[in-house]
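Please look through the sequence and the model shown here before reading on. The paragraphs below are meant to be read beside them.

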Amino acid sequence: MKEFKIPLVNETIKNDIQSVLDKYDVEGIELEYCWEDFKPRSLFSGVFLLAGKDGLGVSFCVEVPHNKVKANKTAHKTKVFFDDCLEIFLQPENSSVYYGIELNANGACLDYRVFIHNQEVAQEKVVLPKELENSKAYDGGETVFGYFTDTVAGTTLTFDYDWKAHGSTTSEVKDEFWYFDVFLPWSDFGLAEAPKEKAVWKGTINRIDSSLPRGTNQGFLCLLDEPEIVSFHQPKKFASFSFQNL
């Protein structure tokens with residue numbers, strides 16, 4: 001399992017993630033191409049993680065040649081993964097749920113939570129969580145809603161697309177780089193306050209590079225550890241993130 005640290009600071013970060021990152025000289029993490037067939041070109045993609053009293057800050061700095069970024073989606077809960085897309089998957093400590101936030105340069109967001117089912121019995125019957133009893137099954141349409149259950153690399157997952165994040169974002173493309181900051185309050189992860197030092201979360205940070213000629217595979221970058229198939233949704237392959245006081 002790949003291991004990373006999330007710096008934990010005793011101050012609020014929502015209003016200016018960048019200044020706090022600079023203040024503590026936080027080191028970045030470089031995303032990796034895990035699949036050769038989905039590496040049409042090699043682009044730098046870095047991310048900085050920071051935990052404050054009020055929430056989690058995620059700051060992306062990714063290379064975009066000629067300042068060209070594909071961003072066709074403009075509405076919330078749409079399929080932004082067909083655009084150039086930045087993604088955050090995080091699973092809090094002692095939780096069977098991970099949270100997904102997928103964003104394009106317009107700030108359009110596909111946000112959801114994913115319930116990880118027990119995999120000890122291969123043919124286990126999937127039982128939807130009580131929170132989804134009144135939801136509708138997602139029908140594959142352009143607007144994403146309700147729930148969807150799938151099995152990925154042997155793990156059964158139920159996606160709750162009715163869940164919504166309550167964070168904020170800023171996006172800028174300049175000098176052949178795309179800078180994207182995301183703030184997520186701790187309440188989005190079901191927490192009343194910041195995690196304690198040495199708490200360990202799991203997850204991955206992803207990038208989808210879609211600004212390519214027609215017929216070319218998208219570029220997929222992430223932090224998964226030797227994934228079995230081409231999918232970011234492999235919680236068994238998630239990296240670990242431990243919180244560390246600064």
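What follows goes through the salt bridges, the pocket and the cysteines in turn.

This is a predicted model, in which local features need pLDDT of at least 70 and side-chain atom pairs count only at pLDDT 80 or more, while totals for chains, interfaces and linings use all residues. Residues are numbered from 1 along each chain as its sequence is written, and side-chain values use heavy atoms, with hydrogens and water left out.

Seven salt bridges are found in the whole structure, a salt bridge being a side-chain nitrogen of Lys or Arg within 4 Å of a carboxyl oxygen of Asp or Glu. One of them joins the side chains of K2 and E32, with N and O 2.6 Å apart; K2 belongs to the segment before strand 1 (3-8) and E32 to strand 3 (residues 32-33), 30 residues apart. Strands here are DSSP runs of E of at least two residues, numbered from the N terminus. K2 is buried at 18% relative accessible area, whereas E32, at 39%, is partly exposed (buried means under 20%, exposed over 50% and partly exposed in between, with a 1.4 Å probe and protein chains only). Another salt bridge pairs E142 with K73, their closest N and O atoms lying 2.7 Å apart. Because E142 sits in the loop between strand 8 and strand 9 and K73 in the loop between strand 5 (55-63) and strand 6 (85-91), this pair ties together parts 69 residues apart in sequence.

Strand 9 (147-152) also holds F148, which is partly exposed at 34% relative accessibility. Beyond its neighbours within four places in sequence, F148 is in contact (heavy atoms within 4.5 Å) with Y138, L157, T158, F159 and Y161.

F159 is also among the residues nearest the centre of the largest pocket, together with F81, E102, S231 and H233, in a lining of 21 residues. Strand 9 gives the largest share of that lining, three residues. A pocket is an open set of points on a 1 Å grid over the protein atoms alone, where a 1.4 Å probe fits, with protein on both sides within 12 Å along at least five of seven lines; lining residues have an atom within 4 Å of a point.

As for the cysteines, the whole structure has zero disulfides, a disulfide being a pair of cysteine sulfur atoms within 2.5 Å. The sulfur of C61 is 17 Å from the closest cysteine sulfur, that of C85, and is therefore too far for a bond. C222, in no disulfide, has the sulfur of C34 as its nearest, 3.4 Å away, and C222 is buried at 0% relative accessible area.

Methods:
Helices (H or I, at least four residues) and strands (E, at least two) are DSSP runs, numbered from the N terminus.
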